[in-house]
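Trainee: Hi! Could you walk me through this one? I'm new to it.

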Amino acid sequence: MTILQFFLWSLGKVAVVTVVMLMAVAYTVLLERKLVGRIQNRWGPSRVGPFGLLQPLVDGAKSFLKEDVVPGGVYKPLYLLAPILSLGCALISIAVVPFGEPNVGPAGMQHLFQISDVNIGLLVILGITSIGVYGIALAGWSSNNKYSLLGSLRSSAQLISYELALGLSLVGVVMRAGTFNLRLIVEQQAKQGIVTWNIFGGLQFVAFFIYLIAAYAETNRSPFDLVEAESELAGGYNVEYSSMKFAMFFMAEYANMIMVGCVATLMFLGGWTSPFGNLIDPPQNIFVHALLPIFWFVSKVFCFLFLYVWVRGTLPRFRYDQLMSFGWKYLMPLAMLNIVATSLWLAYR
Amino acid sequence: MHLILFLVFAGFCLAGAINLLLQSHPINSALSLVVVMTSLAVLYLMLGAEFLAAAQVIVYAGAIMVLFTFVVMLLNAGREERTLGSSAARVVGFPAVVVILSVLATVIVKTQGLGTAGLSQGITSTEDLSKVLFTELLLPFEVTSVLVLIAILGAVALARHGHGEQPLPVPANGERTAGK
(Lines give C-alpha, C1' and ligand atoms only; values in the text may rest on other atoms or scores of the structure.)
Protein backbone atom coordinates (compact mmCIF):
# COMPACT_ATOMS: atom_id res chain seq x y z
CA MET A 1 0.00 0.00 0.00
CA THR A 2 1.49 3.33 -1.00
CA ILE A 3 1.32 6.36 1.23
CA LEU A 4 -1.39 7.93 -0.91
CA GLN A 5 -3.58 4.81 -0.75
CA PHE A 6 -3.02 4.56 2.98
CA PHE A 7 -3.96 8.21 3.38
CA LEU A 8 -7.19 7.92 1.38
CA TRP A 9 -8.15 4.64 3.06
CA SER A 10 -7.61 6.14 6.53
CA LEU A 11 -9.46 9.31 5.58
CA GLY A 12 -12.45 7.27 4.44
CA LYS A 13 -12.53 5.30 7.67
CA VAL A 14 -12.18 8.48 9.74
CA ALA A 15 -15.07 10.11 7.89
CA VAL A 16 -17.38 7.12 8.36
CA VAL A 17 -16.51 6.65 12.03
CA THR A 18 -16.93 10.36 12.79
CA VAL A 19 -20.36 10.48 11.18
CA VAL A 20 -21.47 7.31 12.97
CA MET A 21 -20.12 8.61 16.27
CA LEU A 22 -21.91 11.96 15.94
CA MET A 23 -25.17 10.23 15.08
CA ALA A 24 -24.67 7.91 18.05
CA VAL A 25 -24.14 10.93 20.28
CA ALA A 26 -27.32 12.55 19.00
CA TYR A 27 -29.40 9.44 19.54
CA THR A 28 -27.88 8.72 22.95
CA VAL A 29 -29.30 12.08 24.01
CA LEU A 30 -32.71 10.96 22.72
CA LEU A 31 -32.33 7.59 24.45
CA GLU A 32 -31.60 9.33 27.71
CA ARG A 33 -34.56 11.69 27.41
CA LYS A 34 -36.93 8.89 26.50
CA LEU A 35 -35.74 6.55 29.25
CA VAL A 36 -35.63 9.17 31.98
CA GLY A 37 -39.08 10.16 30.83
CA ARG A 38 -40.37 6.61 31.23
CA ILE A 39 -38.67 6.29 34.65
CA GLN A 40 -40.51 9.43 35.72
CA ASN A 41 -43.77 8.17 34.25
CA ARG A 42 -44.00 10.57 31.31
CA TRP A 43 -43.40 10.15 27.60
CA GLY A 44 -40.25 12.11 26.87
CA PRO A 45 -39.91 13.70 23.43
CA SER A 46 -42.73 12.39 21.24
CA ARG A 47 -43.81 15.25 18.94
CA VAL A 48 -41.10 15.45 16.26
CA GLY A 49 -41.25 12.49 13.93
CA PRO A 50 -42.41 9.00 14.89
CA PHE A 51 -41.64 8.33 18.61
CA GLY A 52 -39.74 11.63 18.64
CA LEU A 53 -37.01 10.13 16.46
CA LEU A 54 -36.28 13.40 14.69
CA GLN A 55 -35.81 15.29 17.97
CA PRO A 56 -31.96 15.19 17.93
CA LEU A 57 -31.85 16.72 14.46
CA VAL A 58 -34.19 19.53 15.48
CA ASP A 59 -32.16 20.12 18.63
CA GLY A 60 -29.02 20.33 16.54
CA ALA A 61 -30.61 22.82 14.17
CA LYS A 62 -31.78 24.87 17.14
CA SER A 63 -28.24 25.00 18.57
CA PHE A 64 -26.85 26.14 15.25
CA LEU A 65 -29.41 28.88 14.77
CA LYS A 66 -29.35 30.29 18.29
CA GLU A 67 -27.59 33.59 18.92
CA ASP A 68 -24.00 33.04 19.96
CA VAL A 69 -23.41 35.23 23.00
CA VAL A 70 -19.82 35.86 24.06
CA PRO A 71 -19.84 37.67 27.42
CA GLY A 72 -17.69 40.79 27.74
CA GLY A 73 -15.37 39.69 30.54
CA VAL A 74 -14.15 36.38 29.13
CA TYR A 75 -10.57 35.64 28.13
CA LYS A 76 -11.33 35.03 24.51
CA PRO A 77 -8.60 32.72 23.15
CA LEU A 78 -9.11 30.12 25.87
CA TYR A 79 -12.87 30.67 25.97
CA LEU A 80 -13.01 29.65 22.30
CA LEU A 81 -10.42 26.90 22.64
CA ALA A 82 -12.12 25.08 25.53
CA PRO A 83 -15.17 23.58 23.75
CA ILE A 84 -13.02 22.55 20.77
CA LEU A 85 -10.56 20.81 23.08
CA SER A 86 -13.36 19.10 24.96
CA LEU A 87 -15.16 17.74 21.92
CA GLY A 88 -11.94 17.01 20.04
CA CYS A 89 -10.54 14.83 22.81
CA ALA A 90 -13.88 13.08 23.22
CA LEU A 91 -14.03 12.18 19.52
CA ILE A 92 -10.36 11.37 18.81
CA SER A 93 -9.97 8.39 21.10
CA ILE A 94 -12.47 6.33 19.07
CA ALA A 95 -9.62 6.03 16.51
CA VAL A 96 -8.02 3.07 18.28
CA VAL A 97 -11.21 1.14 19.06
CA PRO A 98 -11.68 -2.08 17.09
CA PHE A 99 -15.36 -2.61 16.22
CA GLY A 100 -15.22 -5.89 14.41
CA GLU A 101 -13.24 -8.86 13.19
CA PRO A 102 -9.85 -8.21 11.62
CA ASN A 103 -9.05 -9.51 8.14
CA VAL A 104 -12.48 -9.10 6.61
CA GLY A 105 -11.77 -6.18 4.29
CA PRO A 106 -10.62 -6.44 0.67
CA ALA A 107 -7.05 -7.61 0.13
CA GLY A 108 -4.44 -5.09 1.23
CA MET A 109 -7.04 -3.18 3.19
CA GLN A 110 -7.22 -5.07 6.46
CA HIS A 111 -8.51 -3.55 9.66
CA LEU A 112 -11.74 -2.48 8.00
CA PHE A 113 -13.36 -1.93 11.39
CA GLN A 114 -10.59 -0.05 13.15
CA ILE A 115 -9.00 3.23 12.16
CA SER A 116 -5.58 2.33 13.52
CA ASP A 117 -4.29 -0.77 15.25
CA VAL A 118 -1.63 0.44 17.68
CA ASN A 119 0.32 -1.52 20.28
CA ILE A 120 -0.52 0.92 23.06
CA GLY A 121 -4.20 1.39 22.22
CA LEU A 122 -5.35 1.43 25.84
CA LEU A 123 -2.71 3.97 26.85
CA VAL A 124 -3.69 6.18 23.92
CA ILE A 125 -7.27 6.24 25.17
CA LEU A 126 -6.20 7.02 28.73
CA GLY A 127 -3.82 9.74 27.52
CA ILE A 128 -6.40 11.48 25.37
CA THR A 129 -8.94 11.30 28.20
CA SER A 130 -6.47 12.95 30.54
CA ILE A 131 -5.91 15.77 28.03
CA GLY A 132 -9.69 16.28 27.88
CA VAL A 133 -9.62 17.68 31.43
CA TYR A 134 -8.18 20.91 30.02
CA GLY A 135 -11.35 21.62 28.09
CA ILE A 136 -13.43 21.79 31.25
CA ALA A 137 -10.76 23.47 33.38
CA LEU A 138 -10.12 26.20 30.82
CA ALA A 139 -13.83 26.72 30.15
CA GLY A 140 -14.45 27.49 33.80
CA TRP A 141 -11.45 29.73 34.21
CA SER A 142 -11.74 31.72 31.01
CA SER A 143 -15.46 32.42 31.55
CA ASN A 144 -14.56 34.85 34.34
CA ASN A 145 -17.52 33.68 36.40
CA LYS A 146 -17.42 32.37 39.98
CA TYR A 147 -19.87 29.54 39.37
CA SER A 148 -18.01 28.43 36.26
CA LEU A 149 -14.71 28.49 38.08
CA LEU A 150 -16.10 26.48 41.00
CA GLY A 151 -17.64 23.99 38.61
CA SER A 152 -14.44 23.51 36.69
CA LEU A 153 -12.32 23.22 39.84
CA ARG A 154 -14.66 20.54 41.13
CA SER A 155 -14.52 18.80 37.80
CA SER A 156 -10.73 18.84 37.47
CA ALA A 157 -10.27 17.53 41.01
CA GLN A 158 -12.87 14.83 40.43
CA LEU A 159 -11.40 13.77 37.08
CA ILE A 160 -7.85 13.56 38.42
CA SER A 161 -8.95 11.57 41.47
CA TYR A 162 -11.08 9.05 39.63
CA GLU A 163 -8.68 8.70 36.71
CA LEU A 164 -6.36 6.85 39.10
CA ALA A 165 -8.98 4.33 40.17
CA LEU A 166 -10.06 3.94 36.55
CA GLY A 167 -6.53 3.29 35.35
CA LEU A 168 -5.76 0.89 38.19
CA SER A 169 -8.95 -1.09 37.61
CA LEU A 170 -7.77 -1.85 34.07
CA VAL A 171 -4.37 -3.12 35.19
CA GLY A 172 -5.74 -6.55 36.11
CA VAL A 173 -7.09 -7.03 32.60
CA VAL A 174 -3.81 -5.86 31.07
CA MET A 175 -1.87 -8.29 33.27
CA ARG A 176 -4.10 -11.14 32.18
CA ALA A 177 -3.74 -10.30 28.50
CA GLY A 178 -0.08 -9.26 28.68
CA THR A 179 -0.54 -6.44 26.18
CA PHE A 180 -1.97 -2.96 25.74
CA ASN A 181 -3.23 -3.78 22.26
CA LEU A 182 -7.03 -3.65 22.36
CA ARG A 183 -7.43 -6.17 19.57
CA LEU A 184 -5.26 -8.73 21.35
CA ILE A 185 -7.01 -8.07 24.67
CA VAL A 186 -10.34 -8.92 23.02
CA GLU A 187 -8.98 -12.00 21.25
CA GLN A 188 -7.41 -13.27 24.45
CA GLN A 189 -10.77 -13.35 26.26
CA ALA A 190 -12.90 -14.56 23.34
CA LYS A 191 -12.03 -18.24 23.26
CA GLN A 192 -15.10 -19.73 24.95
CA GLY A 193 -17.54 -16.83 24.73
CA ILE A 194 -19.11 -15.42 27.86
CA VAL A 195 -17.33 -17.88 30.16
CA THR A 196 -13.89 -16.52 29.37
CA TRP A 197 -14.78 -12.86 29.26
CA ASN A 198 -12.62 -10.91 31.63
CA ILE A 199 -15.53 -10.02 33.85
CA PHE A 200 -16.32 -13.72 34.55
CA GLY A 201 -13.55 -16.06 33.48
CA GLY A 202 -10.83 -13.53 34.14
CA LEU A 203 -12.17 -13.03 37.68
CA GLN A 204 -12.19 -9.29 37.12
CA PHE A 205 -15.70 -8.52 38.32
CA VAL A 206 -14.36 -6.36 41.18
CA ALA A 207 -12.30 -4.47 38.63
CA PHE A 208 -15.39 -4.13 36.46
CA PHE A 209 -17.39 -2.50 39.24
CA ILE A 210 -14.52 -0.19 40.13
CA TYR A 211 -14.31 0.73 36.46
CA LEU A 212 -18.07 1.29 36.30
CA ILE A 213 -18.10 3.65 39.28
CA ALA A 214 -14.97 5.50 38.18
CA ALA A 215 -16.36 5.81 34.67
CA TYR A 216 -19.51 7.52 35.96
CA ALA A 217 -17.28 10.00 37.79
CA GLU A 218 -14.99 10.44 34.77
CA THR A 219 -17.86 11.44 32.52
CA ASN A 220 -19.41 13.71 35.17
CA ARG A 221 -22.59 11.71 35.17
CA SER A 222 -25.09 11.20 37.93
CA PRO A 223 -24.60 10.28 40.80
CA PHE A 224 -21.28 12.12 40.45
CA ASP A 225 -22.51 15.10 38.43
CA LEU A 226 -21.43 17.66 41.00
CA VAL A 227 -19.76 19.55 38.21
CA GLU A 228 -23.11 20.73 36.97
CA ALA A 229 -25.09 20.61 40.19
CA GLU A 230 -27.79 23.09 39.25
CA SER A 231 -28.92 23.80 42.79
CA GLU A 232 -25.42 24.80 43.88
CA LEU A 233 -23.65 26.10 40.81
CA ALA A 234 -26.38 27.36 38.50
CA GLY A 235 -25.08 24.98 35.83
CA GLY A 236 -21.36 24.61 36.35
CA TYR A 237 -18.44 25.20 34.01
CA ASN A 238 -20.59 25.85 30.94
CA VAL A 239 -22.78 28.63 32.39
CA GLU A 240 -21.34 31.30 30.11
CA TYR A 241 -21.56 29.26 26.92
CA SER A 242 -24.47 29.44 24.54
CA SER A 243 -25.62 28.04 21.21
CA MET A 244 -23.16 25.74 19.41
CA LYS A 245 -20.38 26.14 21.97
CA PHE A 246 -22.67 24.82 24.68
CA ALA A 247 -23.74 22.05 22.34
CA MET A 248 -20.10 21.07 21.88
CA PHE A 249 -19.68 20.51 25.63
CA PHE A 250 -22.94 18.60 25.63
CA MET A 251 -21.81 16.41 22.74
CA ALA A 252 -18.44 15.87 24.41
CA GLU A 253 -20.17 14.50 27.50
CA TYR A 254 -22.17 11.99 25.48
CA ALA A 255 -19.22 11.08 23.28
CA ASN A 256 -17.26 10.36 26.44
CA MET A 257 -20.08 8.15 27.67
CA ILE A 258 -19.97 6.15 24.46
CA MET A 259 -16.20 5.96 24.63
CA VAL A 260 -16.29 4.67 28.21
CA GLY A 261 -18.86 2.10 27.11
CA CYS A 262 -16.57 1.02 24.25
CA VAL A 263 -13.62 0.58 26.63
CA ALA A 264 -15.74 -1.43 29.08
CA THR A 265 -16.91 -3.63 26.21
CA LEU A 266 -13.38 -4.19 24.98
CA MET A 267 -11.77 -4.74 28.35
CA PHE A 268 -14.39 -6.72 30.22
CA LEU A 269 -17.19 -7.88 27.93
CA GLY A 270 -15.39 -9.55 25.08
CA GLY A 271 -15.47 -6.73 22.54
CA TRP A 272 -16.99 -7.70 19.22
CA THR A 273 -17.07 -11.44 19.90
CA SER A 274 -20.31 -13.31 20.44
CA PRO A 275 -21.20 -14.46 23.97
CA PHE A 276 -21.73 -18.01 22.68
CA GLY A 277 -18.12 -18.55 21.68
CA ASN A 278 -17.64 -21.68 19.62
CA LEU A 279 -21.10 -23.11 20.36
CA ILE A 280 -22.41 -21.52 17.18
CA ASP A 281 -20.44 -21.90 13.97
CA PRO A 282 -19.34 -18.66 12.32
CA PRO A 283 -21.79 -17.69 9.56
CA GLN A 284 -20.77 -18.56 6.00
CA ASN A 285 -22.18 -15.48 4.30
CA ILE A 286 -19.38 -12.90 4.04
CA PHE A 287 -21.61 -9.94 4.91
CA VAL A 288 -23.16 -11.61 7.93
CA HIS A 289 -19.68 -12.68 8.97
CA ALA A 290 -18.53 -9.07 8.80
CA LEU A 291 -21.58 -7.43 10.32
CA LEU A 292 -22.50 -9.83 13.15
CA PRO A 293 -19.50 -8.74 15.29
CA ILE A 294 -20.60 -5.11 14.84
CA PHE A 295 -24.02 -6.10 16.12
CA TRP A 296 -22.53 -7.66 19.27
CA PHE A 297 -20.28 -4.68 19.86
CA VAL A 298 -23.08 -2.16 19.46
CA SER A 299 -25.46 -4.12 21.68
CA LYS A 300 -22.89 -4.32 24.46
CA VAL A 301 -22.23 -0.60 24.29
CA PHE A 302 -25.98 0.00 24.19
CA CYS A 303 -26.47 -2.01 27.39
CA PHE A 304 -23.80 0.08 29.03
CA LEU A 305 -25.50 3.32 27.96
CA PHE A 306 -28.84 1.98 29.14
CA LEU A 307 -27.31 1.34 32.56
CA TYR A 308 -25.94 4.88 32.59
CA VAL A 309 -29.37 6.37 32.06
CA TRP A 310 -30.98 3.98 34.51
CA VAL A 311 -28.52 4.99 37.23
CA ARG A 312 -29.10 8.64 36.43
CA GLY A 313 -32.83 8.20 36.79
CA THR A 314 -32.49 6.32 40.06
CA LEU A 315 -29.70 7.56 42.30
CA PRO A 316 -29.45 10.96 44.00
CA ARG A 317 -26.32 13.06 43.83
CA PHE A 318 -23.39 12.55 46.19
CA ARG A 319 -22.05 15.30 48.39
CA TYR A 320 -18.68 16.61 47.29
CA ASP A 321 -16.68 15.46 50.32
CA GLN A 322 -18.36 12.04 50.08
CA LEU A 323 -17.28 11.86 46.46
CA MET A 324 -13.65 12.64 47.25
CA SER A 325 -13.33 10.38 50.27
CA PHE A 326 -15.08 7.55 48.43
CA GLY A 327 -12.66 7.83 45.52
CA TRP A 328 -9.49 8.02 47.58
CA LYS A 329 -10.32 5.93 50.64
CA TYR A 330 -12.32 3.06 49.15
CA LEU A 331 -12.08 2.88 45.39
CA MET A 332 -8.32 3.31 45.03
CA PRO A 333 -7.29 0.84 47.76
CA LEU A 334 -9.81 -1.64 46.39
CA ALA A 335 -8.33 -1.29 42.91
CA MET A 336 -4.83 -1.86 44.32
CA LEU A 337 -6.01 -4.93 46.23
CA ASN A 338 -7.50 -6.21 43.01
CA ILE A 339 -4.13 -5.81 41.29
CA VAL A 340 -2.36 -7.68 44.07
CA ALA A 341 -4.94 -10.47 44.06
CA THR A 342 -4.82 -10.79 40.28
CA SER A 343 -1.05 -10.97 40.19
CA LEU A 344 -1.01 -13.59 42.94
CA TRP A 345 -3.56 -15.63 40.99
CA LEU A 346 -1.59 -15.30 37.77
CA ALA A 347 1.63 -16.29 39.55
CA TYR A 348 -0.05 -19.30 41.18
CA ARG A 349 -1.64 -20.57 37.98
CA MET B 1 7.90 10.94 6.17
CA HIS B 2 9.60 10.57 9.55
CA LEU B 3 11.78 13.55 8.84
CA ILE B 4 8.78 15.74 7.98
CA LEU B 5 6.99 14.71 11.17
CA PHE B 6 10.15 15.28 13.17
CA LEU B 7 10.59 18.77 11.78
CA VAL B 8 6.94 19.66 12.41
CA PHE B 9 6.88 18.48 16.00
CA ALA B 10 10.35 19.73 16.85
CA GLY B 11 9.10 23.07 15.54
CA PHE B 12 6.02 22.86 17.79
CA CYS B 13 8.27 21.99 20.69
CA LEU B 14 10.58 24.96 20.16
CA ALA B 15 7.70 27.34 19.46
CA GLY B 16 5.97 26.21 22.66
CA ALA B 17 9.14 26.67 24.68
CA ILE B 18 9.75 30.17 23.32
CA ASN B 19 6.09 31.09 23.80
CA LEU B 20 6.34 29.89 27.40
CA LEU B 21 9.05 32.46 28.06
CA LEU B 22 7.40 35.30 26.17
CA GLN B 23 3.85 35.04 27.52
CA SER B 24 3.09 37.31 30.43
CA HIS B 25 0.08 35.39 31.74
CA PRO B 26 0.87 32.27 33.81
CA ILE B 27 -1.93 30.18 32.33
CA ASN B 28 -0.71 30.81 28.78
CA SER B 29 2.78 29.76 29.85
CA ALA B 30 1.39 26.60 31.45
CA LEU B 31 -0.50 25.73 28.26
CA SER B 32 2.64 26.32 26.18
CA LEU B 33 4.37 23.83 28.44
CA VAL B 34 1.59 21.35 27.66
CA VAL B 35 2.34 21.84 23.96
CA VAL B 36 6.03 21.19 24.63
CA MET B 37 5.27 18.01 26.59
CA THR B 38 2.91 16.65 23.96
CA SER B 39 5.31 17.35 21.08
CA LEU B 40 8.06 15.67 23.07
CA ALA B 41 5.81 12.62 23.34
CA VAL B 42 5.50 12.53 19.55
CA LEU B 43 9.28 12.78 19.22
CA TYR B 44 9.67 9.84 21.63
CA LEU B 45 7.19 7.89 19.55
CA MET B 46 9.20 8.52 16.40
CA LEU B 47 12.32 7.26 18.17
CA GLY B 48 10.44 4.00 18.80
CA ALA B 49 9.67 4.49 22.50
CA GLU B 50 5.92 4.06 22.43
CA PHE B 51 5.40 3.40 26.13
CA LEU B 52 7.49 6.42 27.05
CA ALA B 53 5.42 8.54 24.67
CA ALA B 54 2.16 7.40 26.26
CA ALA B 55 3.53 7.87 29.77
CA GLN B 56 4.72 11.35 28.83
CA VAL B 57 1.22 12.35 27.73
CA ILE B 58 -0.59 10.69 30.64
CA VAL B 59 1.76 11.76 33.42
CA TYR B 60 3.19 15.09 32.32
CA ALA B 61 0.62 16.60 29.99
CA GLY B 62 -2.38 14.97 31.64
CA ALA B 63 -1.64 15.00 35.35
CA ILE B 64 1.20 17.30 36.34
CA MET B 65 0.31 20.15 34.00
CA VAL B 66 -3.35 19.90 35.02
CA LEU B 67 -2.20 20.50 38.58
CA PHE B 68 -0.17 23.49 37.39
CA THR B 69 -3.17 25.07 35.69
CA PHE B 70 -5.25 24.12 38.71
CA VAL B 71 -2.95 26.10 41.00
CA VAL B 72 -2.90 29.05 38.62
CA MET B 73 -6.70 29.00 38.54
CA LEU B 74 -7.04 28.62 42.31
CA LEU B 75 -4.67 31.46 43.11
CA ASN B 76 -6.13 33.44 40.23
CA ALA B 77 -2.62 34.60 39.42
CA GLY B 78 -2.70 37.73 37.35
CA ARG B 79 -0.47 39.11 34.69
CA GLU B 80 3.19 39.19 35.54
CA GLU B 81 4.84 42.55 35.79
CA ARG B 82 7.30 43.06 33.03
CA THR B 83 10.58 44.60 34.05
CA LEU B 84 13.32 45.60 31.73
CA GLY B 85 15.69 43.20 33.46
CA SER B 86 19.08 44.02 34.81
CA SER B 87 21.70 45.01 32.27
CA ALA B 88 24.15 42.50 33.76
CA ALA B 89 21.78 39.64 32.90
CA ARG B 90 21.63 40.81 29.31
CA VAL B 91 25.37 41.33 28.97
CA VAL B 92 26.39 38.08 30.63
CA GLY B 93 23.28 35.96 30.09
CA PHE B 94 23.15 35.51 26.33
CA PRO B 95 26.87 34.70 25.89
CA ALA B 96 26.62 32.31 28.84
CA VAL B 97 23.70 30.50 27.21
CA VAL B 98 25.65 30.20 23.96
CA VAL B 99 28.70 28.86 25.79
CA ILE B 100 26.74 26.27 27.77
CA LEU B 101 24.84 25.06 24.73
CA SER B 102 28.01 24.72 22.67
CA VAL B 103 29.76 22.81 25.47
CA LEU B 104 26.80 20.44 25.77
CA ALA B 105 26.60 19.96 22.02
CA THR B 106 30.32 19.25 21.76
CA VAL B 107 30.16 16.68 24.55
CA ILE B 108 27.18 14.92 23.00
CA VAL B 109 28.73 14.84 19.55
CA LYS B 110 32.15 13.70 20.77
CA THR B 111 30.98 11.01 23.21
CA GLN B 112 31.15 7.48 21.88
CA GLY B 113 28.70 4.72 22.67
CA LEU B 114 25.62 6.77 23.32
CA GLY B 115 23.50 4.22 21.51
CA THR B 116 22.23 4.30 17.98
CA ALA B 117 18.58 5.20 18.30
CA GLY B 118 17.37 6.94 15.19
CA LEU B 119 14.22 8.01 13.46
CA SER B 120 12.17 5.36 11.64
CA GLN B 121 13.77 2.47 13.45
CA GLY B 122 11.86 -0.37 15.05
CA ILE B 123 9.66 0.03 18.07
CA THR B 124 10.71 -1.01 21.55
CA SER B 125 7.68 -2.85 22.83
CA THR B 126 6.36 -2.36 26.35
CA GLU B 127 7.17 -5.98 27.05
CA ASP B 128 10.89 -5.53 26.31
CA LEU B 129 10.99 -2.33 28.33
CA SER B 130 9.39 -3.93 31.37
CA LYS B 131 11.68 -6.96 31.14
CA VAL B 132 14.73 -4.70 31.33
CA LEU B 133 13.17 -2.58 34.08
CA PHE B 134 12.26 -5.53 36.28
CA THR B 135 15.40 -7.64 35.80
CA GLU B 136 18.60 -5.74 34.98
CA LEU B 137 17.56 -2.35 36.32
CA LEU B 138 15.38 -3.53 39.20
CA LEU B 139 17.45 -1.93 41.99
CA PRO B 140 17.74 1.57 40.49
CA PHE B 141 14.06 1.41 39.53
CA GLU B 142 12.91 0.54 43.04
CA VAL B 143 15.32 2.99 44.67
CA THR B 144 13.89 5.76 42.48
CA SER B 145 10.37 4.88 43.56
CA VAL B 146 11.43 4.97 47.22
CA LEU B 147 12.96 8.38 46.55
CA VAL B 148 9.67 9.63 45.16
CA LEU B 149 7.84 8.17 48.14
CA ILE B 150 10.18 10.02 50.52
CA ALA B 151 9.52 13.25 48.64
CA ILE B 152 5.75 12.72 49.01
CA LEU B 153 6.05 11.97 52.72
CA GLY B 154 8.24 15.04 53.15
CA ALA B 155 5.67 17.22 51.42
CA VAL B 156 2.90 15.84 53.65
CA ALA B 157 5.00 16.38 56.77
CA LEU B 158 5.73 19.97 55.76
CA ALA B 159 2.11 20.67 54.89
CA ARG B 160 0.67 19.29 58.13
CA HIS B 161 0.52 22.04 60.70
CA GLY B 162 -0.41 21.60 64.30
CA HIS B 163 0.85 18.07 64.77
CA GLY B 164 4.50 18.83 65.34
CA GLU B 165 6.30 20.78 68.03
CA GLN B 166 4.37 23.98 67.45
CA PRO B 167 0.66 23.37 67.85
CA LEU B 168 -1.61 25.92 66.18
CA PRO B 169 -3.51 28.19 68.54
CA VAL B 170 -7.02 26.80 68.96
CA PRO B 171 -9.64 29.36 67.90
CA ALA B 172 -11.61 30.68 70.82
CA ASN B 173 -15.02 30.11 69.23
CA GLY B 174 -14.40 26.40 68.83
CA GLU B 175 -14.10 26.55 65.05
CA ARG B 176 -12.64 23.41 63.51
CA THR B 177 -9.09 23.72 62.26
CA ALA B 178 -8.09 22.44 58.88
CA GLY B 179 -7.99 18.66 58.69
CA LYS B 180 -10.11 18.40 61.86
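Trainee: How many residues does helix α2 of chain B have, and how far does α2(B) reach from its first C-alpha to its last?

Mentor: Keep in mind that this is a predicted model. Helix α2 of chain B covers residues 26-46, which makes 21 residues. The helix reaches 31 Å from the first C-alpha to the last, close to the 30 Å expected at 1.5 Å a residue.

Trainee: Which residues of α2(B) are buried?

Mentor: Among them are Ile27(B), Ala30(B), Leu31(B), Leu33(B) and Val34(B). Further along, the list includes Thr38(B), Ser39(B), Leu40(B) and Leu45(B).

Trainee: And what do those buried residues pack against?

Mentor: In chain B, they pack against α1 (2-22) and α3 (50-75). They also pack against α4 (121-142) of chain A.

Trainee: Which residue with a positive phi follows α2(B)?

Mentor: That is Gly48(B), with a phi near 95 degrees.

Trainee: You mentioned chain A. How many residues of chain A are in contact with chain B?

Mentor: There are 17 from chain A, in contact with 18 residues of chain B. On the chain A side, α4 and α5 (146-177) each supply at least two residues. The largest share, nine residues, comes from α4(A).

Trainee: What classes of residue make up that side of chain A?

Mentor: The side of chain A that touches chain B has 13 nonpolar residues, four polar ones and no charged ones.

Trainee: Let's step back. How many helices and strands does chain A have?

Mentor: Chain A has 11 helices and zero strands.

Trainee: What radius of gyration does chain A have, and what would a compact globule have?

Mentor: The value for chain A is 21 Å. That agrees with a compact globule, because one with 349 residues would have a radius of gyration near 20 Å. The C-alpha atoms of chain A fill a box of roughly 60 × 50 × 45 Å along the principal axes.

Trainee: What share of chain A is buried?

Mentor: Of its 349 residues, 45% count as buried. As for contacts in chain A between residues at least 6 apart in sequence, 78% join residues at least 24 apart.

Trainee: Last topic: where is Phe306(A)?

Mentor: Phe306(A) sits in helix α10 of chain A, residues 286-314. Phe306(A) and Thr28(A) are 278 residues apart in sequence, yet their C-alpha atoms are 9.2 Å apart in space.

Trainee: Why does Phe306(A) count as partly exposed?

Mentor: Phe306(A) counts as partly exposed because it has 14 C-beta neighbours inside 10 Å, while a buried residue needs 20 or more and an exposed one has 12 or fewer.

How values were computed: Residues numbered from 1 in each chain as written. Chains lettered and ligands numbered in written order. Predicted model: local features only at pLDDT ≥ 70, side-chain atom pairs only at ≥ 80, totals over all residues. Helix = DSSP H or I, 4+ residues; strand = E, 2+ residues; numbered from the N terminus. Expected span 1.5 Å × (residues − 1). Contact = placed C-beta atoms within 7 Å. Rg over C-alpha atoms; globule rule 2.2 N^0.38 Å. Nonpolar A, V, L, I, M, F, W, Y, C, P; charged D, E, K, R; others polar.
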